[in-house]
Every structure is written in structure tokens, then in C-alpha cells.
Amino acid sequence: MSTRFLVFGAATLVVFLTACASSADAPGSDALIVPTTSAEAQAAADARAAADGPSATPIPTSEPAADIPALTTADIFPPRDLTQYELDPSHVRTLIATGDVIPARHTDYIIRQMNNDFGYTVAATKDITSAADLTVINLEAPLVDGCPEEVGETFTFCGQPGFTSALNEAGVDVATLENNHIGNYGDEAITETEGHLDAAGIKWADRSTPAIVDVRGVKFGFLAFNGVFGGFVDRT
């Protein structure tokens, strides 16, 4: 019996349109001339400009842009009929990886202004993330008791331990702890963060501690690595 996996995540579709014109299309050109000096390059550019003639200057317009339809979560994560892929749903495991989660700076400020309503941070997305069989985040701030309220554009991050309740609401199963901000409050804060995650039932992974999760008989293992303050040599 084989098991297949579908990995669903938000993605950005980037379409590159490349306009290519050969030298044979240029007016008056019979061969490709490759300049070897900056003076020759400028002379070649002047020659091309003279051959092409003056270019039209765009006319400014005050016409409003066409209305752009709002993007919904359904557009990003449309319903999927697994039968069209000839997949047995009982053999499918879904995984969502969100990327960086930073419960610091302005996010933490708003949490405090809302009487520590941590759930507001995931209210708009928790139905999506909690629906997956496995949800993984990168926790890019330590969770420490006495985390000071950070005002302004500080780059020293920390979050309050209560933020684990938001992670639970979001259905987070694994938090990776290798990034350039997890150590902002020292090794003791990292150890404290691990304790808060353990208490909330959230597995965590770093470069030496794997997180292993069993999803209906299929085991997933996670390790995390930080290439900012260290290399990837001998991480076996």
C-alpha cells in the first residue's frame, strides 16, 4: 500500500515576460556587432537610436485604474477533489508551512492593547491552518516571561508566553527554532521558549533536536538550521 502526500501552501505566481529581439530585426542591421570598449558601446547605442528614430513619450493619464478584485483565502486554497487525482483520501496527508511567525513589535503592542487577546492574531487564518493534518511554523522570537513592550522599529524580538494559545488555535503542530532572532534574549530565553511550547503540546525542532509527528501511521520528521550565525558544515 502506497501513501501519497499533498503539500498545500500559499504561493506567489510570478510570470516573467521576456521580449527578445534579434539583431537581424534592427533596421539597417545585417550583423551583430559586439562592442569591446565603453566608447564603442556608447557609439553602438547612438547608432541604434538614430536608426530606430525618436521614441514616443507616454502621455500621462488621470483615468482611474480598473478595479482589482479582492483576493480571498478560497482563491489561495481552493477546495480540492482528491478523486480527480485518483487518490484515496485515506492515504493522503496534508501539510501547511506558514513561514515566519513573529509575536513581537507592533503585533505584541496590539495584543496588549486588546487585553492580551492573543487569538486575534490568527482569527482570519486559523480555519485554514487548523484544517491541515500537520501545520509547521518558524517561530522567530523567543517567548519569555517579562517580555518588555517593544515600541518603534526595534530589532530585538520577544513575545509573551501566552502566545502559545494562539498557536494552539491555529492548529500548529511544530515550531522550528533556528533563525536570526530566536536568540535575541540569550540561551536561557530559548530554553524557556522550549518549555512553553512543551506545556502547550507543540513540538519544536532545532539543528540537533528533531520533531517527529505521527499522522495516522505516517511519521514526519523535522530539523531546522540557521545559516545566519553559523554554517551548515557537519550537520549530520
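Leaving out residues up to four places away in sequence, T129 touches I96, T98, T135, A170 and G171, where contact means heavy atoms within 4.5 Å. This is a predicted model, in which local features need pLDDT of at least 70 and side-chain atom pairs count only at pLDDT 80 or more, while totals for chains, interfaces and linings use all residues. Residues are numbered from 1 along each chain as its sequence is written, and side-chain values use heavy atoms, with hydrogens and water left out.

T129 sits in helix α4 (residues 126-129); helices here are DSSP runs of H or I with at least four residues, strands are E runs of at least two, and both are numbered from the N terminus. Its relative accessibility is 10%, so T129 counts as buried. Buried means under 20% relative accessible area, exposed over 50%, and partly exposed in between, using a 1.4 Å probe and protein chains only. A polar atom of the T129 side chain lies 2.7 Å from the backbone oxygen of A170.

Now for β3. Six of the six residues in this strand (residues 134-139) are buried, so β3 is largely enclosed by the rest of the structure. In a regular strand, side chains alternate between the two faces of the sheet. Both faces of β3 are covered, with L134, V136 and N138 buried on one side and T135, I137 and L139 buried on the other.

| Strand paired with β3 | Bridges | Bridge partner of N138 |
|---|---|---|
| β2 (residues 92-101) | five | D100 |
| β4 (residues 174-176) | three | T176 |

On to the nonpolar packing. A nonpolar core is a set of buried Ala, Val, Leu, Ile, Met, Phe, Trp, Tyr and Cys residues joined through side-chain atoms within 4.5 Å. The largest one has 19 residues, and those with the most contacts inside it are I137, L139, F163, L167 and L197. At least two residues of this core come from each of β3, α5 and α6 (186-199). Apart from it lies another core, of eleven residues, including L95, L134, V218 and F220.

Finally, there is one disulfide, defined as a pair of cysteine sulfur atoms within 2.5 Å. The sulfur atoms of C147 and C158 are 1.9 Å apart. Both cysteines lie in the loop between β3 and α5 (164-169), so the pair ties together parts that are eleven residues apart in sequence. The link is right-handed, with 85° about the S-S bond, and both C147 and C158 are buried.

Note on methods: Pairing = 2+ DSSP bridges. Polar contact = N/O pair within 3.5 Å; in protein donor to acceptor, adjacent residues only side chain to side chain.
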